[in-house]
Amino acid sequence: MGFINLSAIVADAERRAAFLAEVGAGLLVAGLPMRTTFGTRPPFFVDAAYMTRMADIAHVVGEAVTRQGVKLAFHTESHSTLWYERDIDLFMALTDPRYVWLCPDSCHITLGGGDPVAVARRHAPRIALAHWKDAVGPIDVHLTVDDTVFAQQQPYMTALGSGIVD
C-alpha cells in the first residue's frame, strides 16, 4: 500500500463532519481501500499488520469527527479490505468502540460468502447504520478490481427479498 497522507484524510473528514453537524446529521460513513485483483504481483495481503494500520487511521479520524458530534462508521464494500467476515471481525477487534462504528451491508457481506445476520449479531452494539440489501449468492469468480468493479458486481445483486439474504 502506498503513502497515506493522514493529515489530508483528517482534514477532509473534519470538513465533511462540520457540514454534517451543520445540517443536523450525526454520521459519517467511510470505507477502507479496495483490494487488488486476485493474482496481482506482488500480492496484496489484508493481514493483521495491514488492518492495524487501518485501525490506527480510523482512530485518528474517528476522534477528529467525534469532536464535532459526528460518529464515524465503516461500510462493508465488496472487494474492499472490509469485505469478508474475517476482515470485519479483525477491524472491529482492533478499533475502539468509542470512536469507530460499523455500517454493515448485507448484500456485500453475502457476495463475499459471509452471513450478514451473524455479522450483525456479533457487532450489534457498534452498528450505527445498516444497508440491508439482497444478493443472488456469493461471487464465485475473481473480478478485476478496477474502475469497473462496481458494474461487474451488479449481476450478483437483486431486489430485496428475491435473493438469499435472511
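**Close-up views of helix α1**

**View 1. The end of α1.** In this predicted model, α1 is followed by G24. The phi of G24 is positive, near 90°. Helix α1 itself covers residues 6-22, 17 residues in total. From first C-alpha to last, α1 reaches 24 Å. That is close to the 24 Å expected at 1.5 Å a residue.

**View 2. The buried face of α1.** Four residues of α1 are shown here: V10, A13, A17 and L20, and they are buried. Seen down the axis of α1, the buried residues fall within an arc of 85°, so they line one face of the helix. Their packing partners are β1 (27-30) and α2 (48-66).

**View 3. The other side of α1.** Here S7, R15, F19 and E22 are exposed. E22 has 70% relative accessibility; the cut-off for exposed is over 50%, so E22 counts as exposed. Q68 is 46 residues from E22 in sequence. In space, the C-alpha atoms of E22 and Q68 are 9.5 Å apart.

View 4. I9 belongs to helix α1. Its relative accessibility is 34%, so I9 counts as partly exposed.

Definitions and conventions
Residues are numbered from 1 along each chain as its sequence is written. This is a predicted model: local features need pLDDT of at least 70, side-chain atom pairs count only at pLDDT 80 or more; totals for chains, interfaces and linings use all residues. Side-chain values use heavy atoms; hydrogens and water are left out. Helices (H or I, at least four residues) and strands (E, at least two) are DSSP runs, numbered from the N terminus. The expected span of a helix is 1.5 Å times one less than its number of residues. Buried means under 20% relative accessible area, exposed over 50%, partly exposed in between (1.4 Å probe, protein chains only). The arc is that of the directions from the helix axis to the C-beta atoms. Contact means heavy atoms within 4.5 Å.
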